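Let's take a friendly walk through the charged side chains of this protein. Keep the sequence and the 3D view open as you read.

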Amino acid sequence: MFKKSLILTSAIFTLVGCTPSSSLKPLPSTKRDTPFYAKVEKALQTSQQLQQKHSKWFQRDDKIPLTIITTAYINPKATKTKEYYAYKKLVKKLEKNPSLLGEDIAQRFSPIIFKDYAKDQLAQEKFNIAYRLKHEDKESLTDALRPTHEKSSAEILLHLNFEELQNGNLTIEGYKTIKQDNLQRNSYYYKLRKINYKKLTKKQKNSAIIHSLQAALQLSIPEYVSIDRIKLIKKDEILR
């Protein structure tokens, strides 16, 4: 099952995210519209230029170290679930043989290090901060995850959402952050959901656990730089 192409595994999970509201429409053209749109265009150009300076999760250069932190939780009751123990069992297998994650991951990351969230205070502190910043801009999240001594590395944390599990869905979320040589650090807060998980057979549930970790690893970091809309809009410029 592990040797199947990772490209297929993410198809069974739904990526949950936020997109700009389509209801935001500018007022009818006025004399003040032109400066605003000119600023937006300039911001977009700057964003495109910055893309080239940020690290990419699907880097193809030299292999860099990858740290996988599992399994984070907010509600301690999550540690008593079958799913929590299933992830622990899975990680033990992967620690002995990281190549089971797939050839694609092995080609991009080395060494691959696993950390137990429950025993790592620093990981707990970083997740608490990332969780609070999950709806903020990329720069805020990246700054919060930036180590004291910056170096080429990648890290992903997996959090088991207990409330979603109680509702019958398998939902994992967490952060991904990467730094490549000569490029700026890039980060992302992801959320993946397998709906109607509780209706699956035992074998299907085990497969969903495996695929969830594979899908999280496969998920790319969006290659864009967020634009601060508040800074773009002057007090006398109004959007409906």
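This is a predicted model: local features need pLDDT of at least 70, side-chain atom pairs count only at pLDDT 80 or more; totals for chains, interfaces and linings use all residues.

Start with helix H3 (residues 82-96), which gives the most to a positive patch, with three residues. The patch lies on the surface and gathers Lys82, Lys89, Lys93 and Lys202. Of these, Lys202 lies in helix H8 (residues 202-218). Helices (H or I, at least four residues) and strands (E, at least two) are DSSP runs, numbered from the N terminus. A patch is made of residues with over 30% relative accessible area and no salt bridge, where like charges are joined within 9 Å. Lys202 is exposed, at a relative accessible area of 68%. Here buried means under 20% relative accessible area, exposed over 50%, and partly exposed in between (1.4 Å probe, protein chains only).

Residues are numbered from 1 along each chain as its sequence is written, and side-chain values use heavy atoms, with hydrogens and water left out.

Now turn to the charge pairs. Side chains of opposite charge can pair when their charged atoms come close. With a salt bridge taken as a side-chain nitrogen of Lys or Arg within 4 Å of a carboxyl oxygen of Asp or Glu, the count comes to nine salt bridges. One of them joins Asp120 and Lys115, at 4.0 Å from N to O. Asp120 is buried, with a relative accessible area of 18%, whereas Lys115 is partly exposed at 36%.

Which residue does Glu150 pair with in a salt bridge? The partner is Arg185, with the closest N and O atoms 2.7 Å apart. This pair links distant parts of the chain, 35 residues apart: Glu150 sits in the loop between helix H6 (138-145) and strand E4 (153-160), and Arg185 in the loop between E5 and E6. Glu150 is partly exposed, at 31% relative accessibility, while Arg185 is buried, at 5%. Through salt bridges that share partners, Asp143, Arg146, Glu150 and Arg185 join into one network.

Stay with Arg185 for a moment. Its loop runs between strand E5 (170-179) and strand E6 (186-194). The side chain of Arg185 also makes a polar contact of 3.0 Å with the side chain of Thr177; such a contact is a pair of N or O atoms within 3.5 Å, one able to donate a hydrogen and the other to accept it, and residues adjacent in sequence count only if both atoms are side-chain atoms.

Definitions and conventions: Patches are made of residues with over 30% relative accessible area and no salt bridge: like charges are joined within 9 Å, nonpolar side chains (Val, Leu, Ile, Met, Phe, Trp, Tyr) within 5 Å. Accessible areas come from the Shrake-Rupley method with a 1.4 Å probe; for residues, only the protein chains shown count as cover. Lys and Arg count as positive and Asp and Glu as negative; His and the chain ends are not counted. The place of a charge is taken as NZ of Lys, CZ of Arg, CG of Asp or CD of Glu.
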